Amino acid sequence: MVKYQRKNMYTQFKKSKEYMVDEDEEPGPTRFGLICGNNGYFNRRGANPKFLCFVFLSLVSCSLILAPLFLSCDSNFLLHSFGPNREGLGPETDVCSSVPNGTICCDRSSTRSDICIMRGDIRTHSTSSSITLYQSDQPSGGISDGGGDEAAIHHERIRPYTRKWEKQMMETVDELHLTVKRHSTPHHKCDVHHDVPAVFFSTGGYTGNLYHEFNDGILPLYITSQHLNKNVVFVILEYHDWWITKYGDILAQLSDFPPIDFNNDKRVHCFPEATVGLKIHNELTIDSSLMEGNRSIGDFHNLLDRAYWPRISGLIEDEKREEIVEIPKKIQDLRKPKLVIVSRNGSREITNEDSLVKMAENIGFVVEVLRPQRTTELAKIYRVLNSSDVVIGVHGAAMTHFLFMKPGSFFIQVVPLGTDWAAETYYGDPAVRFGLRYVGYKILPRESSLYERYSRNDPVLVDPDSVNRKGWEYTKRIYLDGQNVRLDLGRFRKKLLRGYYYSVAKKNGRLRSKVAVTNSHLY
């Protein structure tokens, strides 16, 4: 489930920022003038300007005297002291952009995830949930990690999952111990030598929900590893066989090596470099300005193409051998825009879906109703959505599938009561950045099944925000699990017509060439 309470967190954060003054701003007189000038600023507060000027000059003098001490401090001290203020900086100012051999660098500046880089003689030890980096022998002077092992000169802890701000959930994610030790200390013998880097991450947390699997896992994995050009080994904490089966086609596009089950593979794996944790940019998107080579969400979509089309081609060949649809009908259907309705069951389902299908067919669409299940092969879903012109779906995790559509297609998200912010934040805005023509259809109270259960003036119907502010349990029980949708087809028809005319205009420009290609495949 997508955590709706994040809205409150970000709202509070933004409110607090409204009262902050940027260090570069100079509203009115300069700061020095406010302290030592005769403008009367402090006189109105009963302060003596000469005394304040004296205090200020004393602080300046002290800072000049102490400056050499700060400049001689360990660089790691400065790094950790100012790290949290670095969020949002591009790759050219990445805290860990250059990591010397035999060291660990951890960037904890992001509110979303921590990431640590290790370089040198790296060895895993799954029994103790640890990764150890052995340094070449050097004079003593390291810092103990407090665990009774004086040979440890650097120790970090990290939970390699991308929802760092959700403290309670992060407690359920396995923690790794990253340690630097001198090479002269007893150490584990390598059972498996790898000559390529490793990326360590967890498939715990909210794995099992499609949105979180892509937003918290697959997209961050692409962001973190794509620059390695498949020369990388994925080491997975809380490994799930079903997850590997489900996303194996994508993993094969990111790595030429089989993934490692960290918890159950007791062998000592040795690597020359390791990245622990994943980078994440925003909801279901990629910020190309932060990517090597300016890779974008469009490049990720191309990777999905490469991942799924071999399987799709096999499905097409199987269907050709069992061809029962007449060729003229296929060509006739090709001339019509294809509408896909992503259907739901249980909650937030469209109860008049059959009537919606009939209306769409009367408008001129070829309609396909997609009913994805947990076990539905992703390649089959990709094939349906990638060939669509318009997609309709009700807000929910299945809307993550917009990533399977072709950029330039038309996407209508039905937004039930109480889900406006989440619908736009998690799917609407990312769909626009992805390159889709996005339309959000916000239902009216009378289109919700809640209309029959609550009085017309109840806050549930007229002020959903006030209900959501009561907490996640209210949002989930009332708006996510407790309502279905009965579309006002007369009202919804306007949105559907927009999609139809847009698709027809777009299709007419390429129809002739597509018919020619289809004919060559059919005969």
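Is Cys106 buried or exposed? I looked it up: Cys106 is buried, at a relative accessible area of 5%. Buried means under 20% relative accessible area, exposed over 50%, and partly exposed in between (1.4 Å probe, protein chains only).

I noted the ground rules. The model is predicted, so local features need pLDDT of at least 70, side-chain atom pairs count only at pLDDT 80 or more, and totals for chains, interfaces and linings use all residues. Residues are numbered from 1 along each chain as its sequence is written, and side-chain values use heavy atoms, without hydrogens and water.

Next, the partner of Cys106. Cys106 forms a disulfide with Cys116, the sulfur atoms 2.0 Å apart; a disulfide is a pair of cysteine sulfur atoms within 2.5 Å. This link is right-handed, with 110 degrees about the S-S bond. Cys116 is buried too, at 0% relative accessibility.

I then checked the others. The structure holds 3 disulfides. Cys96 is joined to Cys105, S to S 2.1 Å. The torsion there is about -80 degrees, so that disulfide is left-handed. Cys190 is joined to Cys270, S to S 1.8 Å. Its torsion is about -100 degrees, so this one is left-handed.

Beyond its neighbours within four places in sequence, Tyr308 is in contact (heavy atoms within 4.5 Å) with residues including Asp249, Ile250 and Phe404.
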